[in-house]
Amino acid sequence: MKKQKKILWKKGIHLAFSEKWNAGFGGFKKLYFPQNLCFLKAKLGRPVVWHRQSKHFQCNKRGLHIQKTWTQDVPLCSKTKSGVATQNVSSLYAKVKRKDTKHFISSSRSLLKLQADKLLSSAKNLGREYCREKSLLKAVTGLSANTVLGFLDEVMKKYGSLVPLSEKDVLGRLKDVFNEDFSNRKPFINREITNYRARHQKCNFRIFYNKHMLDMDDLATLDGQNWLNDQVINMYGELIMDAVPDKVHFFNSFFHRQLVTKGYNGVKRWTKKVDLFKKSLLLIPIHLEVHWSLITVTLSSRIISFYDSQGIHFKFCVENIRKYLLTEAREKNRPEFLQGWQTAVTKCIPQQKNDSDCGVFVLQYCKCLALEQPFQFSQEDMPRVRKRIYKELCECRLLD
């Protein structure tokens with residue numbers, strides 16, 4: 001009874017009896033309809049008058065009939081969906097005797113019972129549908145969770161961490177598997193990634209390329225807003241150089257430091273197997289303790305350019321490279337490169353807006369210059385660029 005009562009209450013109809021039927025006739029019945037409120041009390045010899053304004057019953061001892069005052073905007077009883085005919089409205093609102101009153105109460109009880117049965121049946125059907133939908137959702141969630149975990153395992157095996165992984169990558173895999181857009185399930189995806197990352201914090205992962213070796217400590221510098229170290233800069237520079245081997249030469253990040261401390265003789269052997277003057281572009285990263293900059297040399301026009309993501313110009317660095325080129329030209333017997341050198345500070349280039357992305361900007365400058373691509377990136381692109389560089393290092397090739 002409690003379940004039925006609760007369901008009926010939610011549907012807008014509440015049926016309750018405040019007292020049991022006494023011998024003969026008497027009692028109290030309360031009916032709640034969505035648009036009508038009716039209180040009916042009948043006792044022998046004590047008719048009742050309903051006053052809406054005072055909201056209480058008043059007894060009139062003179063009459064033996066029941067009088068009621070109603071707001072008749074909507075009929076008390078309407079035709080049900082099951083097709084049960086309603087009582088005549090005029091007879092319900094007229095003065096009735098004890099027999100008519102019994103008939104009214106009996107009819108109302110039958111009508112409510114039919115409506116209650118129908119609502120209970122509807123509620124059961126809704127409950128079964130909800131259970132089926134819940135089971136289906138649980139099954140789909142389980143499948144998608146397994147798909148996400150499988151994909152994360154692949155990323156972990158290939159890259160050693162989830163640093164290069166983006167939300168877009170996971171959504172793409174789910175769409176490929178289920179042929180469905182999971183954009184509305186981003187909280188679920190982020191939760192799975194967070195839980196997976198907490199269970200796989202450390203991994204013995206290394207990358208080998210030519211003479212370079214990167215471990216997880218090196219690759220971790222590409223995560224968040226960490227500063228890039230020399231190992232990452234040098235290996236990525238070699239990937240750029242190998243992408244266009246006849247055109248570009250990339251100097252090791254320790255080159256300028258060695259040149260400053262030991263002079264030309266300290267770096268003379270660095271180009272023993274390379275003729276710099278047959279290249280089109282030289283890329284020289286400059287690392288000054290806590291900041292990365294880039295010097296480029298265009299051999300065809302003999303221009304030495306300086307690129308800095310904070311707009312700084314280190315003139316002494318440019319002068320060091322100019323002197324080195326003159327000495328190298330004499331050593332390699334290339335007199336045509338002994339004069340005509342010019343220096344330039346490149347302006348109107350993408351600038352960083354923090355203190356941690358200078359190394360990423362330098363690598364992006366190098367890639368764009370080597371592949372002759374425009375500088376179409378900004379500070380907002382740095383998280384995406386970091387992930388791409390991480391993938392390129394792990395795959396040992398440049399990606400579009």
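A disulfide is counted here when two cysteine sulfur atoms lie within 2.5 Å of each other. In this predicted model, how many disulfides does a search of the whole structure find? The search finds 0. Cys394 illustrates the result: the closest cysteine sulfur to its own belongs to Cys396 and is 7.9 Å away, so the pair is too far apart for a bond. Cys394 counts as buried, because its relative accessibility is 14% and the cut-off for buried is under 20%. Cys358 also counts as buried, at 5% relative accessibility.

As for the overall make-up, the protein has 400 residues, of which 42% count as buried. Its secondary structure comprises 12 helices and 12 strands. Of the contacts with a separation of 6 or more, 58% are between residues 24 or more positions apart.

In soluble globular proteins, nonpolar side chains tend to be buried together. The largest nonpolar core in this model consists of 59 residues, and Leu219 and Leu393 have the most contacts inside it. Helix α11, spanning residues 358-370, gives the most to this core, with 9 residues. Which residues does Leu393 touch, leaving aside neighbours within four places in sequence? Leu393 is in contact with Ile207, Leu214, Leu219, Leu222, Val232, Met235, Tyr236 and Leu239.

Note on methods. Residues are numbered from 1 along each chain as its sequence is written. This is a predicted model: local features need pLDDT of at least 70, side-chain atom pairs count only at pLDDT 80 or more; totals for chains, interfaces and linings use all residues. Side-chain values use heavy atoms; hydrogens and water are left out. A nonpolar core is a set of buried Ala, Val, Leu, Ile, Met, Phe, Trp, Tyr and Cys residues joined through side-chain atoms within 4.5 Å. Buried means under 20% relative accessible area, exposed over 50%, partly exposed in between (1.4 Å probe, protein chains only). Helices (H or I, at least four residues) and strands (E, at least two) are DSSP runs, numbered from the N terminus. Contact means heavy atoms within 4.5 Å.
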